[in-house]
Structures are given as C-alpha cells and as structure tokens.
Amino acid sequence: MKRILMIVGILTLAACTTDPGSEKWCVAQGEMPKSDWTGSDAATYAKNCLIDGMAVGSEDWCEDLNDKPKGEWTGDEAKAYAKNCVM
C-alpha cells in the first residue's frame, strides 16, 4: 500500500512541474539569480522568454507550431502542443 501511495505522489508531483520554456517557467527563471542557471536554462530562456508570445504554450507559440508541418515537429513540440494547445 505504501508503494502505491508513493508512486501516486511522485506521479502527481511530476505532473505539476512546469515545462522548460513555458510561461510559468519563464517567470520562475526570471526570479531566479542568473548565477544559478545552467547553460541549457540560459539557452531555453533566450529562445522562449525574451520575445513576447514565444513561451511554450502561449497563444502565439501554438499558432506558429500549428502552421509548421507536423512532420517537422520534434517529440517535445508535439508533447507541449498536446498539453498546452489542444485542451
């Protein structure tokens, strides 16, 4: 029984994490000292957070990805689109 509760708890916490590049992630990164960022964080922030509307899951991001041929989508883009743009 304890194992089941632990697994459910871990899955619940994993579902609540923010995707890198999402609007919530951008806000959290903006509040974090830049000395704590990794190189990957800095690149993701520059790509998704500096230009308004380009954060993963934003309305503009969903529209831009919708215009891109689905055969050119990455796995991460397809996952983020399903999570943020379909529902």
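Predicted model: local features only at pLDDT ≥ 70, side-chain atom pairs only at ≥ 80, totals over all residues.

Residues are numbered from 1 along each chain as its sequence is written, and side-chain values use heavy atoms, with hydrogens and water left out.

**Stop one: the pocket.** Select P20, V56, W61, D76 and E77, the lining residues that lie nearest the centre of the largest pocket. A pocket here is an open set of points on a 1 Å grid over the protein atoms alone, where a 1.4 Å probe fits, with protein on both sides within 12 Å along at least five of seven lines; lining residues have an atom within 4 Å of a point. The space inside comes to about 480 Å³, a volume being the space filled by probe spheres set on the points, which are joined across faces, edges and corners.

Now show the whole lining, 16 residues. Which helix gives the largest share of it? That's α5, with four residues. Helices α3 (39–48), α4 (59–67) and α5 (75–84) each supply at least two; helices are DSSP runs (H or I, at least four residues), numbered from the N terminus. Colour the lining by type and you get six nonpolar, three polar and seven charged residues. In this scheme Ala, Val, Leu, Ile, Met, Phe, Trp, Tyr, Cys and Pro count as nonpolar, Asp, Glu, Lys and Arg as charged, and the others, Gly among them, as polar.

Jump to W25 in helix α2 (residues 23–31). Is W25 buried or exposed? Buried, with a relative accessible area of 8%, because buried means under 20% (1.4 Å probe, protein chains only). Beyond its neighbours within four places in sequence, W25 is in contact (heavy atoms within 4.5 Å) with residues including P20, D41 and Y45.

Next, pick S22, in the loop between α1 (2–16) and α2. S22 is buried too, at 10% relative accessibility, and, again setting aside neighbours within four places, touches A55 and V56.

**Stop three: the cores.** Select V56, W61, C62, L65, W73, A80 and Y81, which make up the largest nonpolar core: a set of buried Ala, Val, Leu, Ile, Met, Phe, Trp, Tyr and Cys residues joined through side-chain atoms within 4.5 Å. The largest share of this core, three residues, comes from α4. Apart from it lies another core of six residues, among them C26, W37, Y45 and C49.

Definitions and conventions:
Buried < 20%, exposed > 50% of the residue type's maximum accessible area, 1.4 Å probe, protein only.
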